[in-house]
Amino acid sequence: MTINYNGNSHWRKRKKRRNCLLQISAISYRDFIHFALNETKSRTHLLPSPLQERYSSMTAVDGQTKIEMLSLEAPKIRLLRSMMIEGNAMQVLDFAAFPKPEFDLPIFCGNFFSTANTNIVVLDLNPLHDVISRGDYKEKYYDSLMTLGLKYTELLPWGGKLTSESIKFFSPIVIWSKFTSSKSNHEALYSAFMEYYKTWLELMEQAVEDTDPSQIMCNLEAQHRYLTWRAEKDPGHQVLKRLIGEKLAKDMLRNFLFSGVDELGSKTFLDYFPEYRSDDGRINEKRSIIGKSFETRPWNAKGEFVGNNLRN
Ligand code: BLA
């Protein structure tokens, strides 16, 4: 009896200590979402999105990983949505704000994938228009944000080679990083998220509606191209497929995460990215045609592109 009791008690203590360690290392992205929603509410009028009814929460096929979704709209925001995944093995946040096409605002992008040890993060105000060929767009939105960018890209250093095609969707202040889980790294990510999101909201508040129909069309097509890219090639696809099956994962990508891909334009993925056409006329399943590039950060402190191996 006594031996048994002692044994159990020892085991209970070990279990408690292990849970405690797990709690310290596992990040929850719930606070990020609360912060973003409160901050948005204080600056604009949020309305529910019609998507909310269909996409709210689900449990993965493992019976324990939870997926929670939120979607809203505002006068200048076509869609503000988040997806949070919380399981024993992973925590994920995909948070995005898509402006209405009357605005040439960047797209807010917070994509964080975490396991007990590793974090893969992209945080950016993704440019709606190409910052390399459109110097005016870079100047309008990013020149004044370089100090902010430099502060956080030092704290959360460049994550190494990535799908080359992705680089055109990123801005000179993108945070692309991979790091081990620690309190200080998670705190740095949380402050970066807060500052980047507040910055995006400020740009949103200042944004003046475009009235020229050709400019609005140009914004619309740029957003549609972005949605088309992500709905087809997002790295989250494989994880979602494992969690909820291919059919639901595809539905989630096209109709929730990148909603608008079937409504904002009629061009197809291959119209925008013809290099992905395979011999049988279908979309090449590879994520990248060019391959991975950019071992180091391809922008200098002024936000000028210095990666020399970008084709197209
Ligand atoms: C990896 N996620 C990556 C990588 C990038 C991104 C650049 C490195 C691999 C690569 O080069 O493709 C993120 N890529 C982006 C983003 C854009 C882009 C944000 O082009 C926007 C234009 N990631 C998620 C979600 C999950 C996720 C929601 O955003 C899970 C549900 C997982 N991302 C994930 C995993 C990896 C990854 C598992 C490592 C495996 C891999 O390289 O594919």
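Student: Which exposed residues sit on the face of α4 turned away from its buried side?

Tutor: In this predicted model, that face carries Thr147 and Glu154.

Student: And which residues of helix α4 are buried?

Tutor: α4 covers residues 146-155, and its buried residues are Met146, Leu148, Gly149, Tyr152 and Thr153. They lie on the same side of α4, because the arc they cover around the axis is only 150 degrees.

Student: What do the buried residues of α4 pack against?

Tutor: Two elements: β9 (175-180) and α5 (183-206).

Student: Let's stay with α5. How do I read the way α2 and α5 pack?

Tutor: Look at the angle and the distance between axes. For α2 (residues 30-41) and α5, the angle is about 20 degrees and the axes are 10 Å apart. Angles under 35 degrees count as roughly parallel, so α2 is roughly parallel to α5. The crossing of α2 past α5 is right-handed.

Student: Which residues meet there?

Tutor: From α2 you have Asp31, Phe32, Phe35, Ala36, Glu39 and Thr40. On the α5 side they meet Leu189, Tyr190, Phe193, Met194, Tyr197, Lys198 and Leu201. Sorted by class, this contact of α2 with α5 has nine nonpolar, one polar and three charged residues.

Student: Leaving aside neighbours within four places in sequence, what is His237 in contact with?

Tutor: With those set aside, His237 is in contact with Glu232, Glu246, Ala249, Lys250 and Leu253.

Notes
Residues are numbered from 1 along each chain as its sequence is written. This is a predicted model: local features need pLDDT of at least 70, side-chain atom pairs count only at pLDDT 80 or more; totals for chains, interfaces and linings use all residues. Side-chain values use heavy atoms; hydrogens and water are left out. Buried means under 20% relative accessible area, exposed over 50%, partly exposed in between (1.4 Å probe, protein chains only). Helices (H or I, at least four residues) and strands (E, at least two) are DSSP runs, numbered from the N terminus. The arc is that of the directions from the helix axis to the C-beta atoms. Contact means heavy atoms within 4.5 Å. Axes are lines fitted to C-alpha atoms, for helices over the stretch in contact, and angles run from 0 to 180 degrees between N-to-C directions. Angles under 35 degrees count as roughly parallel, over 145 as roughly antiparallel, 65 to 115 as roughly perpendicular and the rest as oblique. A crossing is left-handed if the near helix is turned anticlockwise from the far one by less than a right angle, and right-handed if clockwise. Ala, Val, Leu, Ile, Met, Phe, Trp, Tyr, Cys and Pro count as nonpolar, Asp, Glu, Lys and Arg as charged, and the others, Gly among them, as polar.
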